[in-house]
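Please read them alongside the sequence and the coordinates.

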Amino acid sequence: MKQENNSRREFLLTGLMAAGVAVGVGCSSKKNVFESGADETVIASGKKVKLLSVDGEIIEVDEAFLKPVPELPAVSNSEARIGIGGKKFVMVIDLSRCKNLRKCQEACNHMHHVNTGQNWIKVDPMREDEHTAPFWQPTTCMHCDEPPCVKVCPVDATFKRQDGIVLIDSDRCIGCRFCMAACPYSTRAFNWSAPDIPADIAAQPYSCESSVPQKKGTVGKCDFCPDMARRGELPHCVSACPNGTFFFGDLNQDTVSNGAETFRFSDLIKDKSGYRLMEDLGTKPSVYYLPPVNRNFPFESGLETDTKEKK
Amino acid sequence: MENLNSISDEKIIQDLLPQKFNRSGRIWTGVLIAICLVGVYAYYRQLRYGLVVTSMRDYVSWGIYISNFVFFVAISLVGSLITAVFRLSRVEWSTPLTRIAEIIAVAAIIFASIIIIVDMGSPERFYNLFIHGRVQSPIIWDVIVITTYFFISILLLYFPLLPDIKILLRYKETNDNRFKYLAKFYSFLGSFWKGTPEQFKLSERAINILCITIIPVAFTIHTVTSWLFATTYRPGWDSTNFGAYFISGAFLVGGGGVLVAMYVFRKAYHLEKYITEEHFEKMGKMVVLLALLYLYFNINEYLVPAFKMKKSEEAHLTGLFTGEFAPLFWFAILVGMILPIIILLFKRGRKPLPVFVAGIMVVIGAWFKRYLIVTPTLLHPFLPMTNVPDSYRHYFPSWEEWAIALGSLAGALLVITILSRIFPIIPIHETLTEQHETAD
């Protein structure tokens with residue numbers, strides 16, 4: 001139990017970091033930022049620093065426990081194919097909190113330099129039938145455990161990692177778009193022309209983990225931001241959502257967090273009847289949805305974004 | 001070919017030797033080259049600016065390039081039908097049609113390979129298929145079987161040509177200026193062929209082996225092509241009927257292609273004595289059978305899901321039956337299947353001209369049918385098409401796509417034209433042998 005508490009605390013801290021506080025948990029000597037530094041002895045300096053906890057409370061932490069986040073070296077593309085050891089990343093999207101603000105989309109597009117007009121995250125207005133209630137449904141890549149896209153890729157350009165994340169090697173993709181036809185969630189976006197990104201970014205070597213820079217004639221999609229996870233931070237969409245709709249975490253630790261709140265994943269799914277999209281297809285997504293009950297916003301409030309966009 | 005008995009060998013050879021293009025032949029070739037060049041220019045633009053020059057976008061990520069690819073693979077199956085199936089079942093009247101069928105097959109399979117590369121977003125990485133290829137992807141299966149089919153088809157064209165090349169080489173010595181430039185090419189291809197009984201025996205065996213192997217390979221190329229679609233979850237593609245549906249459609253369009261080609265070659269090269277009305281009669285019946293078969297698979301393909309009208313299928317099916325694709329859908333069914341069946345069922349309909357018209361209908365219907373298989377499905381994804389520009393929700397090919405698609409079709413016709421210029425379009429040696437046999 002103690003062990004679990006520890007790991008939960010780590011996640012609280014990772015949430016803090018996502019909020020922009022440059023703290024670390026003393027793991028510079030280790031590869032895995034999610035592992036705690038419990039075995040290190042740190043002598044308290046006596047000088048306290050005030051921090052905002054994930055519960056929204058102000059807490060005081062001794063300065064000696066704070067360490068700057070080390071600049072982690074970018075992993076090689078062959079390392080990026082393996083994944084972060086011991087992890088199984090999951091996302092939970094709470095539909096009762098989404099009001100189609102699309103801050104997730106904005107942050108994602110900005111950080112990944114997604115082409116104008118295209119989105120890796122979409123917010124679909126869903127309505128199964130005229131007698132059922134409409135709701136907003138953000139969709140990311142589902143990072144399926146049985147990914148149809150990976151099955152059909154002829155050159156192993158899109159691949160499934162040990163930590164559950166499905167990524168694309170844009171240096172290898174031949175642009176056949178079979179993965180786009182195969183994906184039932186229509187999550188993939190193709191670079192029909194040369195991406196409109198700044199020249200210095202376009203000149204960078206491609207990194208599978210940040211999916212930057214996108215290249216003409218290749219496929220791109222949501223990558224679950226493994227570059228952020230390596231730094232112990234949350235994906236951009238998760239930290240960008242002001243309503244805390246997205247939760248991200250590790251199935252092995254059974255913890256998900258939206259930065260402000262952290263839940264035991266299994267409890268959250270059990271208590272709120274979490275489900276996955278198109279379960280009948282057998283794709284086994286890594287993204288879970290909580291049904292839009294006891295909503296924070298009426299559906300109509302989300303229509304503003306759409307009308308604003310039209311203007 | 002009873003009527004050939006009265007003709008001397010010499011006359012047959014003279015009749016069947018490749019002829020120089022006449023005026024209309026030159027115009028035809030010139031037009032084809034011009035269309036190809038426009039296609040090449042469009043492809044240059046695509047290479048330069050990316051696939052953005054097409055109308056394909058994230059939802060309709062496969063457009064007429066892919067349907068054109070399916071069309072080419074389909075029509076190439078005719079080589080195996082006419083050459084292999086007819087040969088193995090000893091259908092003798094098909095002899096004058098074998099080379100036409102084999103030439104169509106080779107031309108189509110060449111352009112199937114070209115068009116699939118045109119569809120790639122990063123064609124410069126084509127080699128990745130060989131250095132990183134993964135056997136679990138149906139695309140790799142397609143690469144393997146199409147390559148195999150290509151080589152078998154080439155050999156099946158080449159081996160029966162050898163005795164004819166010997167005849168052609170003999171005629172180059174007779175000062176005939178038809179063969180000035182081709183003579184070298186002919187001796188490169190077939191100077192080793194002396195026509196000894198030993199060589200004939202070898203060639204006969206080789207052709208038999210090729211005929212037996214090409215049938216499963218032909219079935220495989222088109223089944224695998226259908227699996228590019230059927231291995232996905234999408235409404236309209238997610239079908240266990242797809243392999244047989246594609247194969248039956250392929251034989252139909254191939255048969256239609258032969259109907260058209262035999263009429264055109266007969267007219268252009270005055271082959272009335274060799275491609276007789278009887279050939280039209282028999283091929284016409286053959287195409288009726290194939291069209292009925294394809295119609296049967298179409299009924300399976302559309303009626304069964306329409307009976308259930310699953311929600312995921314509904315938008316797709318109503319789009320085809322009564323929606324935006326309805327005119328094209330019923331055109332393909334009516335013009336591509338039902339009308340040719342009606343025409344060819346009547347004896348009068350199996351005269352050369354109506355057969356030619358029916359053949360054209362089959363081929364045009366089949367081309368649009370492939371489009372209907374590929375694109376409408378992509379416009380009906382499982383999740384709504386949201387947060388995308390308006391242009392992503394529709395598809396109408398851009399001029400570059402039309403230019404490339406038409407250029408590839410013109411290219412295939414050009415290959416057929418050139419091959420028929422270089423080689424006898426009707427096997428001379430086999431015609432002579434058969435004539436001697438019947439004379440005996």
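1. In chain B, 84% of the contacts with a separation of 6 or more are between residues 24 or more positions apart; two residues are in contact if their C-beta atoms, placed from the backbone, lie within 7 Å. This is a predicted model, in which local features need pLDDT of at least 70 and side-chain atom pairs count only at pLDDT 80 or more, while totals for chains, interfaces and linings use all residues. Residues are numbered from 1 along each chain as its sequence is written, and chains are lettered from A and ligands numbered from 1 in the order in which they are written.

2. Chain B contains 17 helices and zero strands (DSSP runs numbered from the N terminus: helices are H or I of at least four residues, strands E of at least two). Its radius of gyration, taken over C-alpha atoms, is 23 Å, close to the 22 Å from the globule rule for 440 residues, so chain B is as compact as a globular protein of that length. The rule is 2.2 Å times the number of residues to the power 0.38. The C-alpha trace of chain B spans about 75 × 50 × 40 Å along its principal axes.

3. Buried residues make up 45% of the 440 in chain B; a residue is buried if 20 or more other C-beta atoms, placed from the backbone, lie within 10 Å of its own.

4. Chain A gives 38 residues to the contact and chain B gives 36 residues. On the side of chain A that touches chain B, β4 (122–126), α4 (148–152), α5 (178–182) and β8 (189–190) each supply at least two residues. That side has 22 nonpolar residues (Ala, Val, Leu, Ile, Met, Phe, Trp, Tyr, Cys and Pro), nine polar and seven charged (Asp, Glu, Lys and Arg), the others, Gly among them, counting as polar.

5. β4(A) is also joined to β5(A) by five bridges, and the two run antiparallel; A:Met126 has A:Phe135 as its bridge partner in β5(A). Five of the five residues of β5 (residues 135–139) of chain A are buried, so this strand is largely enclosed by the rest of the structure. A:Phe135, A:Gln137 and A:Thr139 point one way from β5(A), and A:Trp136 and A:Pro138 the other way.

6. Chain A also has an open sheet of five strands, ordered β12-β11-β10-β3-β13 with mixed pairing (two strands pair if DSSP finds at least two bridges between them). Its edge strands, β12 (262–264) and β13 (287–290), each pair on one side only. Strand β11 (residues 255–257) of chain A pairs with β12(A) in the antiparallel sense over three bridges, and A:Thr262 in β12(A) is the bridge partner of A:Ser257.

Methods
Buried ≥ 20, exposed ≤ 12 C-beta atoms within 10 Å, placed from the backbone.
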